[in-house]
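Here are a few exercises to work through with the model open in your viewer. Try each one before you read its solution.

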Number of protein chains: 2
Amino acid sequence: MADDNYQTPRTTVRRLPQRGFYDRATIHQILDEGLICHVGFVSEGQAAVIPMAYVRVGECICLHGSKASRLLRALAAGAEACITVTLLDKLVLARSAFHHSMNYRAAVVFGTGAAVEDPAEKSEVLRALSEHLVPGRWQEIRAPSELELMQTLVVAIAIREASAKIRTGPPKDEEEDYSLPIWAGVLPLLLTTTAPVPDPRLQPGIALPQHLTR
Amino acid sequence: MADDNYQTPRTTVRRLPQRGFYDRATIHQILDEGLICHVGFVSEGQAAVIPMAYVRVGECICLHGSKASRLLRALAAGAEACITVTLLDKLVLARSAFHHSMNYRAAVVFGTGAAVEDPAEKSEVLRALSEHLVPGRWQEIRAPSELELMQTLVVAIAIREASAKIRTGPPKDEEEDYSLPIWAGVLPLLLTTTAPVPDPRLQPGIALPQHLTR
């Protein structure tokens, strides 16, 4: 791959190649916006796909979980993974059934991982993960203990081969269909949060932190 | 598997087994609520994971796309797939970093597919897919032509082996952490739609259809 580009033969988008992107900025942006990824791996000759939280740190995608997780142990041991992050932006409503579509941004990353062993590095990845999911949270919570860090497996997968596939814009109908008396356009989708719900065991007098009042 | 249950050795949840569910109703409900799935398959010995629209029709997950799609052609030829649908419900904010989590519902289905060849059946799957994504839309759009149906590959994957993994409820902290002066609770996530955006080429005088005004 080139220095600013993750294109390789197996990441090259073949169907609708005009939707394929390979530059670092585009792929990082998708990875930084998603909340969960889908991790694909081969187990006994068969693909398996598991959703996981993740964070991009520099040129790595970092996953974490229990030391008992078979998937994480396999990744830490160097198993190849395919990590896909999909952002669904809009439903595209054309005049014809055939041209209905979705506007989406998906990043597909192939790579092998390695365990992050150093406790300070591990803690730094967990901080980044927390800030990725709930910015502002890390500074107010109890940090991981030594024992908790030991029980946590952190795996970093270097982003070497990747592609993004992106559709944007209005529907594309057959030319003769544009005169049909059918509404067409896009329906934007939005992932949003609703009011935080306090833990039933919350101590009295603890205010909602400012980072959750946005 | 039992009649109302998709559990098999390879779908049995081993980490946190109390989160594993195998009954048909639970798995169908997740499949019916999701908008996209992540399809995992083995290509040249390596897992690959691709997001796709889908619909459950009875005991099958149905996918569609171009006849030129290598993935769909492989599935139509009987390649094994793992199809995962993930619904992210809440971010779980504990007092300790270690016990942060997510409330989610994920269905993981293993199976092999076959092409749906009969044009009437194909059209019925496409109708179901459209109604799954945008209920009420199918009746007002131009139905697929014979040529469009021929260009579309529809693959049905029988749901035989599957599991759901579900987390619900508040954070679970270490007993001694409950007295810490830290806010804890859950942050609900909601996938919603915003106002429909008309196609720039929309004919004048075409009103927004009622099914989009909700």
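**Exercise 1.** Work out which residues of helix α1 in chain A are buried, and where they sit around the axis.

**Solution.** Keep in mind that this is a predicted model. Start with the count: a residue is buried if 20 or more other C-beta atoms lie within 10 Å of its own. In α1 (residues 24-33) of chain A, that picks out A:Ile27, A:Ile30 and A:Leu31. Next, look around the axis: these residues cover an arc of only 95 degrees, so they fall on the same side of α1(A). Finally, check what covers the buried residues: the cover includes β4 (55-57), β5 (60-66), β6 (80-93), β7 (101-115) and β9 (161-167) of chain A.

**Exercise 2.** Describe the side of chain B that touches chain A.

**Solution.** Begin with the contacts: 77 residues of chain B meet 77 residues of chain A. Then go element by element: those giving two or more residues to this side of chain B include β2 (36-43), α3 (119-133) and β10 (185-193). The largest share, nine residues, belongs to β10(B). Sort the side by class and you get 51 nonpolar, 16 polar and 10 charged residues.

**Exercise 3.** Find how strand β11 of chain A is joined to β10(B).

**Solution.** For one of the partners, pick A:Pro198, which is bridged to B:Gly185 in β10(B).

Notes:
Residues numbered from 1 in each chain as written. Chains lettered and ligands numbered in written order. Predicted model: local features only at pLDDT ≥ 70, side-chain atom pairs only at ≥ 80, totals over all residues. Buried ≥ 20, exposed ≤ 12 C-beta atoms within 10 Å, placed from the backbone. Helix = DSSP H or I, 4+ residues; strand = E, 2+ residues; numbered from the N terminus. Arc of directions from axis to C-beta. Contact = placed C-beta atoms within 7 Å. Nonpolar A, V, L, I, M, F, W, Y, C, P; charged D, E, K, R; others polar. Pairing = 2+ DSSP bridges.
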